[in-house]
Amino acid sequence: MLSSVGDEICVASCLGSFHTYGMQWKLRDKIYDLENRAMVMAILNVTPDSFSDGGLHVDVDLSVERALEMVEEGADIIDIGGESTRPGAEPVTEAEEIKRTVPVIEAIRAKSEVLISIDTSKGEVARQALLAGADIVNDVTGLLGDRAMVEVCAQADCAVVVMHMQGNPKTMQDEPKYDDVVGQVREFFEERYASLTGAGIAAERICFDPGIGFGKTLEHNKTLIRELGQLVVEGRPLLLGVSRKSMIGVILDEPDPQKRDWGTVALTAIGWKLGAQVHRVHEVKMNADALRMVEAILVVS
């Protein structure tokens, strides 16, 4: 069974689902071919209240040490966040977010050429982070939370991760509803693609994220993962962020987020098979190892 998605061809797998081939993402001045090798985005939260690692990396030196460890473990990208987006999280000020993130970005950049992502929805935070050495803006609002964000990203010619979220972190899990979750998320990506490219953000800089757990029920999350191949818009890559999330806790009856890593590994492996090219995780080595093994078996050179 073959299904055309944009300019890409999705080849039916032995599981009856899709892996999408031909994906490319431009980061800095290099085009990364994600057809046969997925990227690992390592989570580095410099916040006191993130849901599974809050307070662990608020010290700059400790943050840099952990970032360099994650590079050694196989991280392609270090994603730095200074504001928690867990369900019910309270927002922090722009100044506080800059204070938390920019020194860490500067310190990592002084010691490593690893790709760095800033996880923020604030335009000025993104601008300061990019000046400090970040390469990617990862925005949970899909570049809709701050009018300045699109202009900042267009002027910097940086890569962007455009996420779908219903509601906001404080209220998103109150009672999410969709008539067709796959269709509505895809429509959001189509609108964002047209708007962002029209505003000057290069198409090859865009990556989409369906926002697992951001204004979705367990069934919504499972459906989106199952149908990742149907979310591809204009051949742009997909990021899958499932690490330690509550859906894993519900399925495995595990209330402790730090004990959900093996569930994360399973979703990372099947997520690549189903069409995700970038995987955002807390524990790098086990997820990177899973991806490398899946690729070694399934990619025919």
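Is Cys207 buried or exposed? I looked this up first. Cys207 has 0% relative accessibility, so I put it down as buried. I am working from a predicted model.

**Entry: cysteines**

The structure holds zero. I wanted a reason, and I checked Cys153. Its closest cysteine sulfur belongs to Cys158, at 3.9 Å, which is too far for a bond. The cut-off I used is 2.5 Å between the sulfur atoms. Cys153 has a relative accessible area of 1%, so I noted it as buried.

Strand β10 (residues 159–163) runs parallel to β11, and four bridges join the two. One residue I followed across was Val160, whose bridge partner in β11 is Ile206.

**Entry: aromatic rings**

I listed the ring pairs. The structure has two aromatic pairs. In one, Phe188 and Phe189 have ring centres 6.2 Å apart, with the planes at 55°. Why is this pair called tilted? Planes under 30 degrees apart count as stacked and those over 60 as edge-to-face, so 55° falls to the tilted class. I also found both Phe188 and Phe189 buried.

The other pair is Phe189 with Phe208. I recorded it as stacked, at 4.5 Å centre to centre and 25° between the planes. This pair links distant parts of the chain. Phe189 sits in helix α5 (residues 181–198), while Phe208 is in strand β11 (residues 206–209), 19 residues apart. I noted Phe189 at 0% relative accessibility, hence buried. Phe208 is likewise buried, with a relative accessible area of 0%. Taken together, the ring pairs link Phe188, Phe189 and Phe208 into a cluster.

**Entry: a pocket**

How much space lies in it? I noted about 220 Å³.

Conventions. Residues are numbered from 1 along each chain as its sequence is written. This is a predicted model: local features need pLDDT of at least 70, side-chain atom pairs count only at pLDDT 80 or more; totals for chains, interfaces and linings use all residues. Side-chain values use heavy atoms; hydrogens and water are left out. Rings of Phe, Tyr and Trp (its six-membered ring) pair if their centres lie within 6.5 Å; planes under 30 degrees apart count as stacked, over 60 as edge-to-face and the rest as tilted. Buried means under 20% relative accessible area, exposed over 50%, partly exposed in between (1.4 Å probe, protein chains only). On a 1 Å grid over the protein atoms alone, a cavity is a set of points where a 1.4 Å probe fits but cannot get out, and a pocket is an open set with protein on both sides within 12 Å along at least five of seven lines; lining residues have an atom within 4 Å of a point. Grid points are joined across faces, edges and corners, and a volume is the space filled by probe spheres set on the points. Two strands pair if DSSP finds at least two bridges between them.
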